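Hi everyone, thanks for coming.

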Amino acid sequence: MAMQIVISVQFLILAVLMLVMGSNAGGIAIYWGQNGNEGTLAETCATGNYEFVNIAFLSTFGGGQKPVMNLAGHCDPSSNGCTGLSSNITSCQAKGIKVMLSIGGGGNRSLNSPDDARQVVTYLWNNFLGGGKNSSLRPLGPAVLDGIDFDIEGGTGLYWDDLARYLSAYSNQGRKVYLTAAPQCPFPDASLGVALKTGLFDYVWVQFYNNPPCQYNPSELSNLEEAWKQWTSEIPATKIFLGLPASPEAAGSGFIPVANLTCNVLPAIKRSNKYGGVMLWSKYYDDQTGYSSSIKTDV
């Protein structure tokens, strides 16, 4: 009996240690959709490297404009040519991967008023989320996406908080609508600063690239560390991710070599209980370098 008790205590201690050690384990988010040579969405999820896939982009919306989706060389949403992605989406979700629609990118989007934000949200709900599932007009077919990713760069910061509130309200209809965002690392983000303060965002992948004041510098880690501390302490999101380019060609600056990331950067930022993992731009560049495969066990 005494031996059994000792063994049970040892297993309990081991379980607690594994729980504590695993509490700072993170995942990888990836952007897919902007290069026809990056493989299919189903193939992306089948790699086993990603926990989140952002379909990029719904690039034009708001201000009375007809919404336009751009999936580069994959398919043409305007001719109803992307509905076949529905089976890809459900395949990803069956693996436990959250699939988001990313809105913004380099397109023409603007919100003129809270009512304008509400109209955009109605469109998103009926065409990508839980509404109108039987409509033949849904650009990606009947699959219900897990939520909306805000990749808003440029323009004003007005009414994005309204967009977040209206989207979040649909979580009351039985299925949670996840909200994610990809702000720039200078704090606060010029476009999304107000929206992020609402506390409605589940995951925020901060772009620590193309932003020299707060991105990684091989001779000085403090700039990134200080920016990371500000994001994780002042933004009321569930988890914060370190957004990086997956290759030197994926961004103008900010690429972190694998050894530098795993040995220097990750140990520093994983001290925060808000640490969620790493976001990569994009699947195409990740294919070229194998970056996600190289960092996955350390993330």
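**The disulfides**

So, searching the whole structure turns up 3 disulfides. Keep in mind that this is a predicted model. Quick reminder for anyone new: a disulfide is a covalent bond between the sulfur atoms of two cysteines.

Let's start with C45 and C92, which are joined with an S to S distance of 2.0 Å. C45 sits in helix α2, residues 41–46, and C92 in helix α3, residues 85–94, so this pair ties together parts that are 47 residues apart in sequence. The link of C45 and C92 is right-handed, with 95° about the S-S bond. Buried or exposed, what are these two? C45 has a relative accessible area of 3%, so C45 is buried, and C92 is buried too, at 0%.

Next up is the disulfide between C75 and C82, with S to S at 2.0 Å. Here we have 115° about the S-S bond, and the link is right-handed. Both of these cysteines, C75 and C82, are buried.

Then there's C185 with C214, again a disulfide, S to S 2.0 Å. This pair links distant parts of the chain, 29 residues apart: C185 is in the loop between β6 and α6, while C214 is in the loop between β7 and α7. The torsion about the S-S bond is about 80°, so this disulfide is right-handed. C185 and C214 are both buried.

How do the disulfides pair up along the chain? Count the bonded cysteines in order and the pattern is 1-4, 2-3, 5-6.

One more cysteine to mention: C263 has 56% relative accessibility, so C263 counts as exposed.

Note on methods:
Residues numbered from 1 in each chain as written. Predicted model: local features only at pLDDT ≥ 70, side-chain atom pairs only at ≥ 80, totals over all residues. Heavy atoms only, no water. Disulfide = S-S within 2.5 Å. Helix = DSSP H or I, 4+ residues; strand = E, 2+ residues; numbered from the N terminus. Buried < 20%, exposed > 50% of the residue type's maximum accessible area, 1.4 Å probe, protein only.
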